[in-house]
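Me: I'm new to this one and would like to be walked through it. Can we take it a piece at a time?

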Amino acid sequence: MIRIHSDFTGGNIRILQQNGDEYILQNDLRTTADDWFYWAFCVEGAAGETLRFVLRDNRIGHFGPAVSHDLRGWTWLGGYTGDGCFTYTFGAKEDKVYFAHSLLYHPDRFADFAAARGLSLGELCKSGKGRSVPSLSVGEGSTRIMLAARHHACESPGSFVLEGLLDSLIADPIPDTCLFVAPFVDYDGVVDGDQGKGRWPYDHNRDYAPEKPSIYPECAAIRREAEKGCHYAFDFHAPYHKNGGNDKVFIVRRNIEKESRLVRFAELFEESITPDSLPYVKENDYPTEYGWNYGTAQYAHLLTQRPENEMAFTLETCYFGDPSRPATEESLLALGRCYAAALRRYIQEQRAGLIPDMEARTVSLREVDGTNFDECRGLKRAGKRFVGQPDAVLAEGYLYRDTSRVFAINYGERVIGMVIARVDPAEGKPYSFTDFFIADPWLNRGFGSAAVDVLLELFRSLGKSDRVEIQVHETNSAAIHVYQKAGFAETGRAAWNKTFIVMKREL
Ligand SMILES: [Zn+2]
């Protein structure tokens with residue numbers, strides 16, 4: 001007797017029709033208002049049979065259904081042609097097989113994960129249905145990191161990413177930090193197999209409106225937890241079903257005042273991606289006040305408003321990956337470990353005062369004087385092949401003081417580089433600049449180009465010449481690239497040393 005059912009953790013299916021060996025199935029919306037796409041079912045008693053399953057409205061991912069025999073290990077069936085159905089031949093002893101929209105993450109897996117690390121789960125609260133909703137606290141320290149997943153019950157990729165992140169942070173803790181984790185916020189939904197997304201009257205990630213109390217006990221408990229301090233908060237989600245941007249990993253940027261911090265985190269995250277991880281590139285991040293990215297009732301949005309909060313956002317991780325690059329348990333866990341590496345580096349930089357505060361990425365020039373002299377001298381430069389250390393630049397500026405000034409290159413209030421600019425050229429001679437550098441922590445982020453633009457603007461405003469001429473060593477390809485981008489063209493070689501290229505541009 002073949003039985004198709006949803007009587008298991010995460011189960012969700014409606015059987016619409018059976019025609020011989022073919023079953024017409026549909027996801028079960030239950031208490032949610034919006035149709036999403038989540039389903040998961042079990043087939044028992046079909047050993048030796050070949051059955052065909054049709055999912056209404058083509059709710060199958062790029063690689064066919066996820067398949068499991070124990071609700072723990074999941075793999076993609078593969079061979080999916082995109083026609084909304086799949087066929088499965090059950091082996092002679094294959095009595096029980098689970099099929100699902102995506103790779104499911106069983107709450108027991110998380111409990112085992114914690115137990116294996118000698119950690120016991122706490123209780124966030126009792127759920128609406130009276131279940132004990134798990135939480136996890138790790139470590140002690142003055143920087144408190146809050147982590148959450150499954151505000152939308154069906155978004156299991158976020159659970160794998162969270163596990164990978166925790167695996168790394170527990171094995172190698174960031175000094176002076178503690179973690180508070182709510183791994184299954186819509187716990188009833190996760191256990192019962194609800195999609196959770198679009199739950200009526202609104203779902204768990206729309207239950208953090210600043211002006212009214214939460215209706216879900218889990219969200220209310222998280223608000224209370226945040227009162228103990230929340231320096232960082234990250235929420236792990238999955239986007240819409242598939243295709244386009246939904247096949248990517250992206251940060252939902254939702255705080256324009258902290259944009260420069262989000263950009264820095266994104267840069268670090270991109271740099272931290274390893275070959276075994278799902279890819280992440282910052283260009284895929286979702287901009288604020290755009291598309292669906294509005295509203296103030298989300299977890300990350302509420303927590304980022306807290307005065308002590310450095311940064312809070314949602315990470316969206318695709319269910320399936322790109323057709324050329326499937327999401328697997330391993331690549332999702334690896335993504336979480338890469339995320340941990342990025343967070344580790346970000347917190348280091350933040351504690352060292354290297355993350356710029358609030359400012360947009362605007363660069364300015366300030367003449368070196370008693371107020372910024374020490375900061376200029378302290379600029380760190382490992383590579384000094386083409387330009388000397390800050391002290392040498394300051395000394396050289398003194399040497400040329402009749403025609404030139406030494407400028408600090410500022411990003412907001414921070415000095416990030418220096419340049420000697422010939423601001424007072426002799427009659428008929430061009431402006432020039434030399435000893436231009438950006439300090440190590442700020443390299444490769446577009447500051448060089450921005451500083452050249454500001455320099456050109458300064459020359460124009462002085463009105464003493466109509467052109468700029470500079471010299472750059474022929475092997476200094478990074479600088480040559482920046483100058484070409486700024487409109488400089490090579491015009492020959494320096495008379496005093498043929499390895500230096502002369503570059504010019506009109507103002
Ligand atoms: Zn979500």
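Me: Which helix holds Ser159?
Reply: Before the answer, note that this is a predicted model, where local features need pLDDT of at least 70, side-chain atom pairs count only at pLDDT 80 or more, and totals for chains, interfaces and linings use all residues. Residues are numbered from 1 along each chain as its sequence is written, and side-chain values use heavy atoms, with hydrogens and water left out. Helices (DSSP runs of H or I, at least four residues) and strands (runs of E, at least two) are numbered from the N terminus. Ser159 has its place in residues 157-171, which is helix α2.

Me: Is Ser159 buried or exposed?
Reply: Buried means under 20% relative accessible area, exposed means over 50%, and partly exposed is in between, with a 1.4 Å probe and protein chains only. Ser159 has a relative accessible area of 4%, so it counts as buried.

Me: Leaving aside neighbours within four places in sequence, which residues is Ser159 in contact with?
Reply: Contact means heavy atoms within 4.5 Å. With those sequence neighbours set aside, the partners of Ser159 are Tyr105, Ala149, Arg150, Pro183 and Phe184.

Me: How are α1 and α2 arranged relative to each other?
Reply: Two packed helices are described by the angle between their axes and the distance between the axes. The axes are lines fitted to C-alpha atoms, for helices over the stretch in contact, and angles run from 0 to 180 degrees between N-to-C directions. Helix α1 (residues 107-116) packs on α2 at about 5°, with the axes 12 Å apart. Angles under 35 degrees count as roughly parallel, over 145 as roughly antiparallel, 65 to 115 as roughly perpendicular and the rest as oblique, so α1 and α2 are roughly parallel.

Me: What classes of residue make the contact of α1 with α2?
Reply: From α1 come Arg109, Phe110 and Phe113, and from α2 come Phe160, Glu163, Leu166, Asp167 and Ile170. Ala, Val, Leu, Ile, Met, Phe, Trp, Tyr, Cys and Pro count as nonpolar, Asp, Glu, Lys and Arg as charged, and the others, Gly among them, as polar. That gives 5 nonpolar, no polar and 3 charged residues.

Me: Where does Gly118 lie, and is it buried or exposed?
Reply: Gly118 is in the loop between α1 and β10 (122-126). Its relative accessibility is 65%, so Gly118 counts as exposed.

Me: Why is strand β14 described as largely enclosed?
Reply: On one side of β14 sit Tyr232, Phe234 and Phe236, on the other Ala233, Asp235 and His237, and all are buried. The strand covers residues 232-237, and it is largely enclosed by the rest of the structure because the buried count is 6 of the 6 residues.

Me: Which strands do bridges join to β14?
Reply: Strands pair if DSSP finds at least two bridges between them. Strand β12 (residues 143-149) runs parallel to β14 with 5 bridges, and Met146 has Ala233 as its bridge partner. With 6 bridges, β14 is also joined in parallel to residues 311-317, where Phe236 has Leu315 as its partner. The strands asked for are β12 and β16.

Me: What are the domains of the chain?
Reply: Their bounds come from an automatic or database domain assignment. The chain is divided into domain 1 (3-100), domain 2 (107-351) and domain 3 (363-506).

Me: How many of the chain's residues count as buried?
Reply: The chain has 11 helices and 25 strands, and its C-alpha trace spans about 100 × 50 × 40 Å along the principal axes. Of its 507 residues, the buried share is 56%.
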